[in-house]
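Please look through the sequence and the three-dimensional view below before reading on.

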Amino acid sequence: MSAAEDRPGVPVDAAAAEQAPRTRLLHAATTELMAARLTTFFTAGLLAVALLGAAVGAGAGALRAQPRDLVLLFAATTMALVGCAAGIFALVSLRALRRDALTDLQHGRPPRARRARTPAAAWTALACGIAAGAVLVALLWAQSAPLALGVAWAGLCAGAIGPAGLAAQRRAEAALAAALDDPGVRDWFAQAAPGWLHAALDDEAEAARSRRRRQRRLFGASD
């Protein structure tokens, strides 16, 4: 039974309009939580691949140098260890992807993660990664071709984090849209009232009032 049907005497349209902000907040929080989990997995995986690629290039460059470059070899070993740690973290983050997002929403509102949310931001991040890799290739090629290629690969993988964040956002939105086809999920959103929801609604209402006050001052000043 919907929230409108639970309140006799309240018009359905009015009750639906009253429920719209809380439903929108719950939808946004669910999408944010799922997208943040996917972004964490993608980011850790891409960082692991980037660092391991750079470590291979640095290691090959150090071993080909005459005499062998021990400093570069140490840097390659360090990057390989950090890359392995990032890979392990990516595997561990798979557990979070299997957890029920609706259950976790009861414990708190997910923070707004920093990631590319528009195609422009995603492709800008990728272009920056490619450009940084190209510059480093030009600087390092004369010293060591394997090192330059490893750094270029790392730049490409790091830049790919932007499109990965956008893909995570879209995939989370699609997953929520598919889940809402289930009547049980729709009922959960209609009835759920996690502890953070009321404070979030109050904050949003206060932000809306602040925007209206700024608009009135702006239009009043322009007049």
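How much space lies in the second largest pocket? About 180 Å³ of space lies there, where a volume is the space filled by probe spheres set on grid points that are joined across faces, edges and corners. A pocket, on a 1 Å grid over the protein atoms alone, is an open set of points where a 1.4 Å probe fits, with protein on both sides within 12 Å along at least five of seven lines, and its lining residues have an atom within 4 Å of a point. Rolling a probe the size of a water molecule over the atoms shows where empty space is left.

Before going further, please keep in mind that this is a predicted model, in which local features need pLDDT of at least 70 and side-chain atom pairs count only at pLDDT 80 or more, while totals for chains, interfaces and linings use all residues. Residues are numbered from 1 along each chain as its sequence is written, and side-chain values use heavy atoms, with hydrogens and water left out.

The lining of the second largest pocket is made up of Leu-25, Ala-28, Ala-29, Thr-31, Glu-32, Arg-109, Pro-110, Pro-111, Arg-112, Arg-117 and Gln-169. Helix H1, which covers residues 12-64, gives the largest share of this lining, with 5 residues. Sorted by class, the lining has 5 nonpolar, 2 polar and 4 charged residues; here Ala, Val, Leu, Ile, Met, Phe, Trp, Tyr, Cys and Pro count as nonpolar, Asp, Glu, Lys and Arg as charged, and the others, Gly among them, as polar.

One of the lining residues, Glu-32, is found in helix H1. Is Glu-32 buried or exposed? Glu-32 counts as buried because its relative accessibility is 8%, given that buried means under 20% relative accessible area, exposed over 50%, and partly exposed in between, with a 1.4 Å probe and protein chains only. When residues up to four places away in sequence are not counted, Glu-32 touches Pro-110, Pro-111, Arg-112, Ala-113, Arg-115 and Arg-117, a contact being heavy atoms within 4.5 Å.

Turning to the whole chain, the secondary structure comes to 8 helices and 0 strands, where helices (H or I, at least four residues) and strands (E, at least two) are DSSP runs numbered from the N terminus. Of the 223 residues of the protein chain, 33% count as buried. Among the contacts in the chain with a separation of 6 or more, 84% are between residues 24 or more positions apart. The accessible surface of the chain, found by the Shrake-Rupley method with a 1.4 Å probe, comes to about 13400 Å², and 66% of this belongs to carbon and sulfur atoms.

Ala-145 is found in helix H5, residues 145-159, and stands 84 residues from Gly-61 in sequence but 7.2 Å from Gly-61 in space, C-alpha to C-alpha. Ala-75, in helix H2, residues 70-98, is 17 residues from Ala-58 in sequence and 7.4 Å from Ala-58 in space, again C-alpha to C-alpha.

Arg-99 is found in the loop between H2 and helix H3 (101-105), and it counts as partly exposed because its relative accessible area is 45%. Leaving aside neighbours within four places in sequence, Arg-99 is in contact with Arg-37 and Asp-104.

Finally, a search of the whole structure finds 1 aromatic pair. Phe-41 and Phe-42 form this pair, which is tilted, with 5.7 Å centre to centre and 50 degrees between the planes. Rings of Phe, Tyr and Trp (its six-membered ring) pair if their centres lie within 6.5 Å, and planes under 30 degrees apart count as stacked, over 60 as edge-to-face and the rest as tilted. Phe-41 counts as partly exposed at 25% relative accessibility, and Phe-42 counts as partly exposed at 23%.
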